[in-house]
Amino acid sequence: MAAAVSTVNYGIIGVGMMGREHLINLYHLRPEGVAVVAIADPHVPSQNLTLQLAQSFNWQPKVFSGHRELLDSGLCDVLVVSTPNMTHYEILMDIINHPKPHHVLVEKPLCTTVVHCKEVVNAARKRHDMLVQVGLEYRYMPPVAKLIEIVKGGNLGRVKMVAIREHRFPFLVKVNNWNRFNVNTGGTLVEKCCHFFDLMKLFAGANPVRVMASGAIDLNHKDEKYDGKVPDIIDNAYVIVEFDNGSRGMLDLCMFAEGSKNEQEISVVGDIGKGEAFVPESVVRFGTRVAGRDGVQTLKAEDDRIKYDGLHHGSSYLEHLNFLSAIRAKGDKAPAVGLQDGLISVAIGVAAQLSIEKGRFVMIKEVIDEYCNASA
C-alpha cells in the first residue's frame with residue numbers, strides 16, 4: 001500500500017488579481033496534497049475578497065497584513081509572491097534571509113532592476129534548503145510547450161530567427177494603479193515582455209548579446225493622472241535581440257490591438273524548417289524547407305493534465321504542478337524556471353528600455369556589469 005502524501009502548506013503574499021488566481025490554481029491542485037494556510041496583504045479589500053474565495057473552497061487561511069508576520073508564523077512550506085513588482089526585492093530578501101526555509105514561487109519579473117535581481121540570485125545561492133522558481137509560465141501554455149518540443153527535438157534544425165508578436169488590450173487596473181509607472185513596474189518591456197525574452201532565449205538556446213528597441217506611448221493612459229502624474233509606460237514597441245550563437249529574436253508589441261484573433265503569435269525558423277504557435281487559438285504549425293507549403297502540419301495543442309485554464313490558458317496550473325514536483329523531489333530536481341532565467345529576462349527588458357531612451361544598441365554586458373556597478 002502506497003504511503004500517504006503529506007500536505008504541502010502554501011502562503012500567498014499579495015492577494016490582488018494574480019494572488020487570487022494562484023489561490024484558485026492551488027485549489028485545483030488539492031488532490032495533489034496542497035493547502036493554502038495563510039495570506040498576507042496590507043490592502044484590506046484584497047484580504048476580504050481572498051478570504052471569501054478561500055472559504056468557498058473550505059479553506060480558512062490565517063490573514064496577515066504583512067509578509068514578515070506570515071514568515072514568523074511558521075505556518076508555510078511554500079510561499080507564492082504575487083505583490084507589485086517594486087516590492088519583490090525586499091520580500092524575496094526577507095524570505096531568503098529568514099531562519100525557516102521556505103520554497104518560493106515569485107511572479108515575474110524577478111525584480112524591477114538588474115542590480116536587485118543579482119542580489120537575490122547571490123543570496124539564494126547560499127540557501128541550499130530552498131527552491132526558488134520564477135513565474136515565467138508562458139513556457140507551459142500548451143501551444144508554446146509543443147513548439148518548444150518541436151524545436152528541441154531538432155525538427156527545425158539550428159534556430160536562426162525567433163519572432164514573437166503580442167497584440168493585446170491595455171494594462172488592467174491594479175490596486176492603487178501601481179502598474180502605470182516605470183518606477184514601479186521596471187517598464188513595460190520588463191513588466192510584460194520578460195515572458196517573451198525568456199522564450200526567445202529558450203528557443204535560441206543561447207545567451208543574449210545586444211538589444212535594439214523602438215517604442216512609445218501612443219494611445220493608452222494618456223488621459224489618466226495619479227497624484228498629478230501622467231503614466232509613463234509605453235504601449236507599443238519593436239525589440240531586436242541578438243544572441244551569441246548568431247541567432248536573432250524580434251518582439252512586436254502592441255497594447256491597443258483588441259481586434260486580434262490571437263494575442264500571441266510565435267514563429268521559430270531554423271535552417272531546415274519553421275514552426276509557429278498561436279495563443280489562445282492553441283494551434284501549432286510546422287514544416288520543412290524541403291516539403292514546402294504543402295508539407296506544413298497543423299496540430300491542436302492540448303494538455304490533459306490541466307484542471308483549470310484560468311487567466312493564462314492552463315499555464316499557471318502546470319507551473320504549480322511542476323514546482324510541486326520539484327519540491328517533493330527534495331533536492332533531486334531543480335525548478336524548471338530558475339533565478340538565472342529570471343535575471344536574464346529582466347536584463348533584456350532593461351536593455352530594451354534603455355535602448356529606447358538612448359536611441360542606440362545596448363549591450364547586455366552593459367546592463368549586467370557596468371549598469372550594476374554604476375547603481376551600486
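Helices (H or I, at least four residues) and strands (E, at least two) are DSSP runs, numbered from the N terminus. This is a predicted model, in which local features need pLDDT of at least 70, side-chain atom pairs count only at pLDDT 80 or more, and totals for chains, interfaces and linings use all residues. Residues are numbered from 1 along each chain as its sequence is written, and side-chain values use heavy atoms, with hydrogens and water left out.

**View 1. Arg248 in strand S10.** Strand S10 spans residues 248-254 and includes Arg248. Arg248 is partly exposed, because its relative accessibility is 40% (buried means under 20% relative accessible area, exposed over 50%, partly exposed in between; 1.4 Å probe, protein chains only). Leaving aside residues up to four places away in sequence, Arg248 touches Lys160, Met161, Val162, Val241, Glu242 and Phe243. Contact means heavy atoms within 4.5 Å. Arg210 is 38 residues from Arg248 in sequence, and their C-alpha atoms are 9.9 Å apart.

**View 2. Salt bridges of Arg165.** A salt bridge puts a side-chain nitrogen of Lys or Arg within 4 Å of a carboxyl oxygen of Asp or Glu. Asp252 and Arg165 form one through their side chains, at 3.0 Å from N to O. Asp252 belongs to strand S10 and Arg165 to strand S7 (residues 159-167), so this pair ties together parts 87 residues apart in sequence. Asp252 is buried, with a relative accessible area of 9%. Arg165 is partly exposed, at 37%. Arg165 also forms a salt bridge with Glu265, where the closest N and O atoms are 3.8 Å apart. Glu265 lies in strand S11 (residues 264-270) and Arg165 in strand S7, so the pair ties together parts that are 100 residues apart in sequence. Glu265 is partly exposed, with a relative accessible area of 27%.

View 3. The side chains of Asp369 and Lys365 meet in a salt bridge, 2.9 Å from N to O. Both residues sit in helix H12 (residues 364-375); they are four residues apart, so about one helical turn separates them. Asp369 is partly exposed, at 27% relative accessible area. Lys365 counts as exposed, at 53%.

**View 4. A salt-bridge network.** Salt bridges link Arg68, Glu90 and Asp94 in a network. The structure holds 19 salt bridges.

**View 5. Helices H6 and H9.** Helix H6 (residues 142-152) and helix H9 (residues 194-204) have axes that come within 10 Å and cross at roughly 25°. H6 is therefore roughly parallel to H9. Axes are lines fitted to C-alpha atoms, for helices over the stretch in contact, and angles run from 0 to 180 degrees between N-to-C directions. Angles under 35 degrees count as roughly parallel, over 145 as roughly antiparallel, 65 to 115 as roughly perpendicular and the rest as oblique. From H6, Val144, Leu147, Ile148, Val151 and Lys152 meet Leu199, Leu202 and Phe203 of H9.

**View 6. A nonpolar surface patch.** Met17, Phe169, Leu172 and Leu311 form this patch, with about 310 Å² of accessible area together. Patches are made of residues with over 30% relative accessible area and no salt bridge; like charges are joined within 9 Å, nonpolar side chains (Val, Leu, Ile, Met, Phe, Trp, Tyr) within 5 Å. Accessible areas come from the Shrake-Rupley method with a 1.4 Å probe; for residues, only the protein chains shown count as cover. Leu311 sits in the loop between strand S14 (297-300) and helix H10 (315-328). Leu311 is partly exposed, with a relative accessible area of 44%.
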